[in-house]
Amino acid sequence: MMAPSFRPLPSLRRRRAKNAVLTGLLVSAIAIAIGVLSWVLLFVAIQGFSAISPSFLASNPPGNPSAAGGGFFNGIVGSFIVVGIAAVIAMPLGIGAAIYLVEYGGRLAGAIRFVNDVLIGIPTIVTGAFVYAIWVTRFGFSGFAGSLALAVVILPLVPNELREGSLALGATRSQTVLRICLPAALPGIITGGMLAVARAMGETAPLLLTALGNELFTELNPLNRMETLSLQIFNNAFTGFQQAQARAWAGALTLIAIVLILTVVARFFGRRVRTANP
């Protein structure tokens with residue numbers, strides 16, 4: 001006696017077909033995204049390696065944009081100063097705002113979330129124009145004005161179970177925040193903060209209206225006009241001189257390397273802290 005054969009129901013076959021189609025579309029989208037990213041990185045690397053050298057990282061641009069040689073040392077230094085000040089300003093405020101929204105709430109919570117969502121979607125050039133209107137018009141162009149425009153950070157939340165368990169043990173809200181929530185969120189805070197710094201490192205639009213740039217000098221005072229790596233890439237890329245465009249490619253490769261290093265550091269320390277605080 002032959003065993004009965006079971007055929008998939010029509011609805012099951014349709015689901016399998018849809019699943020196969022959607023899976024194929026997702027895999028294709030991932031492959032296209034990875035391919036485009038790889039092509040961009042490879043192209044920048046080929047163009048940048050032809051102009052980058054140790055002297056490029058240790059010297060300032062030449063006075064004549066058509067001259068060969070020179071480097072972006074002042075822009076690299078300026079980028080770390082401007083973005084570093086932005087992180088020092090924004091991260092404590094961001095952590096405090098996150099604690100207030102998650103732990104205390106209140107009538108302002110909804111308004112703060114709405115404003116935050118709006119600010120996230122606003123183009124960075126608008127942020128630069130805002131800082132220009134309220135700061136630059138009164139105090140002039142400066143690296144600090146650029147830091148104000150870049151002061152953006154993303155912070156994580158922690159699971160409700162940890163918070164509720166701490167409160168159930170009799171801990172006060174402030175003790176719960178300081179001893180439970182912040183330590184538990186520390187890996188995400190480190191990762192989010194470093195990734196935000198990496199993103200800010202590549203911003204150009206807001207700095208055009210705030211820091212403005214200082215092409216020939218290494219400026220260490222953030223109250224003066226300050227050059228950044230992104231500004232140097234922008235300014236050199238749009239000149240008609242081949243030598244300046246070569247420096248722009250080398251600067252782009254340097255910027256990608258800095259962002260990659262910051263991302264790797266963020267992942268590394270995030271894992272270390274998460275392992276130390278299971």
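1. Contacts of N236. In this predicted model, N236 is in contact (heavy atoms within 4.5 Å) with F72, E215, A244, Q245, R247 and A248, its neighbours within four places in sequence being left aside. N236 belongs to helix 10, residues 229-237; helices (H or I, at least four residues) and strands (E, at least two) are DSSP runs, numbered from the N terminus. With a relative accessible area of 4%, N236 is buried; buried means under 20% relative accessible area, exposed over 50%, and partly exposed in between, for a 1.4 Å probe and protein chains only.

2. Basis of the values. Residues are numbered from 1 along each chain as its sequence is written, and side-chain values use heavy atoms, with hydrogens and water left out. Because the model is predicted, local features need pLDDT of at least 70 and side-chain atom pairs count only at pLDDT 80 or more, while totals for chains, interfaces and linings use all residues.

3. The chain as a whole. The chain has 11 helices and zero strands. Of its 278 residues, 31% count as buried. Among the contacts in the chain with a separation of 6 or more, 72% come from residues 24 or more positions apart.

4. Helix 5 and helix 6. Helix 5 (residues 124-139) packs against helix 6 (residues 143-150) at an angle of about 135 degrees, and their axes are 9 Å apart. Axes are lines fitted to C-alpha atoms, for helices over the stretch in contact, and angles run from 0 to 180 degrees between N-to-C directions. The two helices are therefore oblique to each other; angles under 35 degrees count as roughly parallel, over 145 as roughly antiparallel, 65 to 115 as roughly perpendicular and the rest as oblique. On the helix 5 side the contact is made by T127, G128, V131, W135 and V136, and on the helix 6 side by F144, A145, L148 and A149.

5. The salt bridge. How many salt bridges does a search of the whole structure find? The search finds one, where a salt bridge is a side-chain nitrogen of Lys or Arg within 4 Å of a carboxyl oxygen of Asp or Glu. The side chains of R199 and E203 form a salt bridge, at 3.6 Å from N to O. Side chains of opposite charge can pair when their charged atoms come close. E203 is buried, its relative accessible area being 13%.

6. L212. This residue lies in the loop between helix 9 (205-208) and helix 10. Phi of L212 is near 70 degrees, a positive value in a residue other than glycine. L212 is partly exposed, with a relative accessible area of 32%.
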